[in-house]
Amino acid sequence: MRNQYLAVLSLVMLCISSYVVAVDATQQPTLANYKEGEKWVWKYKGVTTIGEVRADGKDIKEIISKNGELFMVTASESIPLAEIVKPVKSNTSRYNWPLQVGKKWTFEEHWTSEDGTKGSTIQDAEIVSFKPEKVEAGTFMAYTIQYKGKISNSRGYSAATEDIHVYAPELKTFIKLTQKQDDYLYTEELVKYSK
């Protein structure tokens, strides 16, 4: 009888610990998580170590409906939300779903800039915390994700990089971003969110 009791107790504890792990993980947002009228506003600034301002402004994203289909509208484009929420299957993406404290991976992105320059960003990523984070738009539970690595391009440029993304699952996006690239510091912070 005692052995049966211990077996049942062990099974119950295993189920509880599996549930706790599942609750602690954040899945990729789906189409159902978004609503028409949602709007995010960030302020951003990029400054070199000698004080040269290379970026300064606001970034806005909003969810709208066209003929019954949801779109995310940015300053330069209108993207079907169904495209944005397609499941990410890559192990080298910016966010490696599900998000969970302690998770590590390599982020790898190959890109072409507007002038045709080809480049790549390769960084080791780690989720270091999940806790309340305060930004101008409010206080939200958020993951802090550190990225450290290198950026390089076909013109011979190469720089060490360190990025911090603070991602709030409730808002389905980052609420704060810090990027260091040799002598350049770029910051972005959510200043307003509305549903």
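**A first look around this predicted model**

Lysine 131 and glutamate 133 form a salt bridge in this structure, which is a predicted model.

Q: How far apart are the closest N and O atoms of lysine 131 and glutamate 133?
A: Side chains of opposite charge can pair when their charged atoms come close. Lysine 131 and glutamate 133 do that here, and their closest N and O atoms are apart by 2.7 Å.

Q: How many bridges pair strand S6 with strand S7?
A: S6 covers residues 118-135 and S7 covers residues 138-153. They form a hairpin with 2 residues between them, and threonine 121 has isoleucine 151 in S7 as its bridge partner. The two strands pair in the antiparallel sense, and the number of bridges is 16.

Q: Which residue in the turn between S7 and S8 has a positive phi?
A: S8 spans residues 158-168 and runs antiparallel to S7, with 10 bridges joining them. Across this pairing, glutamine 146 stands opposite isoleucine 164 in S8. The hairpin has 4 residues between its strands, and the one in the turn with a positive phi, about 95°, is glycine 156.

Q: How do the rings of phenylalanine 130 and tyrosine 143 count: stacked, edge-to-face or tilted?
A: Let's start with another pair, tyrosine 34 and tryptophan 40, which is edge-to-face with 65° between the planes. For phenylalanine 130 and tyrosine 143, the ring centres are 4.3 Å apart and the planes are at 35°. Planes under 30 degrees apart would be stacked and over 60 edge-to-face, so this pair is tilted.

Q: Which residues form a nonpolar patch on the surface with Phe130?
A: Phenylalanine 130 is partly exposed, with a relative accessible area of 34%. Valine 101 sits in the loop between helix H2 and strand S5, and it is also partly exposed, at 45%. The patch has about 240 Å² of accessible area together, and the residues in it with Phe130 are Val101 and Met141.

Q: How many residues apart in sequence are the parts that lysine 172 and glutamate 38 tie together?
A: The side chains of these two residues meet in a salt bridge of 2.8 Å, N to O, and both residues are buried. Lysine 172 lies in the loop between S8 and S9, while glutamate 38 is in the loop between helix H1 and strand S1. That is why the pair ties together parts of the chain whose separation in sequence is 134 residues.

Q: Which ring does the charged end of arginine 94 sit over?
A: Arginine 94 also meets aspartate 163 in a salt bridge (3.9 Å, N to O). That pair links the loop between H2 and S5 to strand S8, and both of its residues are buried. As for the ring, its centre is 3.9 Å from the charged end of arginine 94, and it belongs to phenylalanine 107.

Terms used: Residues numbered from 1 in each chain as written. Predicted model: local features only at pLDDT ≥ 70, side-chain atom pairs only at ≥ 80, totals over all residues. Heavy atoms only, no water. Patch = residues over 30% accessible without salt bridge, like charges linked within 9 Å, V, L, I, M, F, W, Y side chains within 5 Å. Areas by Shrake-Rupley, 256 points an atom, 1.4 Å probe, with all protein chains shown as cover. Salt bridge = Lys/Arg side-chain N within 4 Å of Asp/Glu carboxyl O. Buried < 20%, exposed > 50% of the residue type's maximum accessible area, 1.4 Å probe, protein only. Pairing = 2+ DSSP bridges. Phe/Tyr/Trp six-rings, centres within 6.5 Å; stacked < 30°, edge-to-face > 60°. Lys NZ or Arg CZ within 6 Å of the ring centre and 35° of its normal.
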